[in-house]
Amino acid sequence: LKLSRALMLGTEMTAECQILEPVTLQVDITRNLSAAWYHEHPDIDISGKLTSFSVCLSHGDFSTTMCVLTDNLGEKPPNAVTATDTAAKELTPVQSTTATTVQATPSQVAAAGDAKPADSQQVVTTAQMDKPSEVWVKMKFNFTINSIKATLYLGDSSLSTGVSEREAKTSLAQFELQQLSAKGAIKSDTAIAAHVAMNNCILTDTRPGRENAITRMLERKGVANLPENMIDLQFEQKANQDKDVDLKVKKLYICVCLEYLMTVGDFFTKGLPKPKPAPAPELPTQASATSVVAAPAAPPPPTEPPVGEINVKLAVEDPEIVMVENSKFVDTNALLLSTQVLLRLRISPDNQNIQGHVQGFNIVACVFNPERRNDTKVTILNPVDVAVHSSAPHGKGHHMDVMVTDVIMNIS
């Protein structure tokens, strides 16, 4: 499977520029043919593996792709009926209706009272007999992707003749996700257990002339190819519709350079197609003009509390955020932000609770060069702890408590 941007002359392709490199996806599906009575194996077992998914995209390729998608998704049949026409047809005059009352005779009332609910008793008995006595796995899945890579280039691709190759001097950025996995199981009682993990996420500045500059903008700290994942997400849904979500982000490293972020942002924002002007509305003629009186809108229904309980836990462990003055020089001035974040959210039919804790948030000024960083560190903000507790009973007022330790800043 591959995707290319091509220049067509009639039915022949004269030039081609590859966007998606050839991809091979392996999918294995195992089905339990005796699922009605044999539950030692899941009804359906799906596993898939994707070795590499690589995309090379220039600014011109991105603009062309978005224009094609916008034009195709915006097409309408020639005789398409608009929502305004449909709503106008549905607005019909209110017709008066009459109610007829039928009086039952005493004999019919007596016969109805003597009737026995045999059918309802039979339905209840049948439902109790059909209630499953065991829980088994209906579907099991396991997908792995070794690498997803996207390389961005400035300018447009050269489509002259044959297969065009992109030039390294126009490279802008390379984004890569490493070792992605998703596995889980769905049981017969609607219970779900899923686990999604990603080992590393890398963003590299690939502009030319950056040999001695800061190029790594996003990654997982530490030694590469470690078994510890950068992002770990676990989801569990019980039979009573209670849901638990546990998200952990470990050893996140972010280098913030506004000049580079704005350049990458312009790559996407300037490549979007311009919206087409809306056509002028057609004025109705005198013969077809009719007055339609719309009925007053019904008031919105009251919000109902959620079914079951939702528990969300977010933990950001040992992140490092660096803000640099100039990414062209490794000895540039920088600010280092470090902290620990823990957030708990609990939503029940009766209440909604939020507990957040930011521990050890501090800011240090230094030189970005790792070899000189420890010798040039100056503390700007001493470690600060912030605790937040919020409670909102359903249909009642909201209450929030915020606690902050002493804030000590050193400014020269």
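# Chat: a first look at the fold, core, salt bridges and a pocket

Mentor: Start with contacts. Among those in the protein chain between residues at least 6 apart in sequence, 64% join residues at least 24 apart. Keep in mind that this is a predicted model.

Trainee: Ok. What does the secondary structure come to?

Mentor: Six helices and 18 strands in the protein chain.

Trainee: And how much of the chain is buried?

Mentor: Buried residues make up 25% of the 412 residues. The chain exposes about 28,700 Å². Carbon and sulfur atoms supply 59% of that area.

Trainee: How many residues are in the largest nonpolar core?

Mentor: It has 34 residues. Those with the most contacts inside it are L172, C255, Y260, V322, V324 and F368. As background, nonpolar side chains in soluble globular proteins tend to be buried together.

Trainee: Take V324. What does it touch?

Mentor: Leave out residues up to four places away in sequence. Then V324 touches I214, C255, V256, C257, T332, N333, A334 and F368. Two of these, C255 and F368, are also on the list of residues with the most contacts inside the core.

Trainee: New topic. How many salt bridges turn up in the whole structure?

Mentor: The search finds 17. In general, side chains of opposite charge can pair when their charged atoms come close.

Trainee: Give me one. Which residue does R166 pair with?

Mentor: D61. The closest N and O atoms are 2.4 Å apart. The pair links distant parts of the chain, 105 residues apart. R166 is in the loop between β6 (162-163) and β7 (171-187), and D61 is in helix α1 (residues 59-73).

Trainee: Is D61 buried or exposed?

Mentor: Buried. D61 counts as buried because its relative accessibility is 0%.

Trainee: What about R216, which partner does it have?

Mentor: E219, with the closest N and O atoms 2.9 Å apart. R216 is partly exposed, at 32% relative accessible area. E219 is partly exposed too, at 23%.

Trainee: And K250? Which side chain does it meet?

Mentor: E228, in a salt bridge of 3.8 Å, N to O. E228 is partly exposed, with a relative accessible area of 33%.

Trainee: Where is V312 in all that?

Mentor: In strand β13. V312 is partly exposed, with a relative accessible area of 29%.

Trainee: What is V312 in contact with?

Mentor: Set aside its neighbours within four places in sequence. V312 is then in contact with V245, L343, R344 and L345. V245 is also among the residues closest to the pocket's centre. One more pair to look at is V312 and I347, which are 35 residues apart along the chain. Their C-alpha atoms are separated by 8.7 Å.

Methods. Residues are numbered from 1 along each chain as its sequence is written. This is a predicted model: local features need pLDDT of at least 70, side-chain atom pairs count only at pLDDT 80 or more; totals for chains, interfaces and linings use all residues. Side-chain values use heavy atoms; hydrogens and water are left out. A nonpolar core is a set of buried Ala, Val, Leu, Ile, Met, Phe, Trp, Tyr and Cys residues joined through side-chain atoms within 4.5 Å. Buried means under 20% relative accessible area, exposed over 50%, partly exposed in between (1.4 Å probe, protein chains only). Contact means heavy atoms within 4.5 Å. Helices (H or I, at least four residues) and strands (E, at least two) are DSSP runs, numbered from the N terminus. Accessible areas come from the Shrake-Rupley method with a 1.4 Å probe; for residues, only the protein chains shown count as cover. A salt bridge is a side-chain nitrogen of Lys or Arg within 4 Å of a carboxyl oxygen of Asp or Glu. On a 1 Å grid over the protein atoms alone, a cavity is a set of points where a 1.4 Å probe fits but cannot get out, and a pocket is an open set with protein on both sides within 12 Å along at least five of seven lines; lining residues have an atom within 4 Å of a point.
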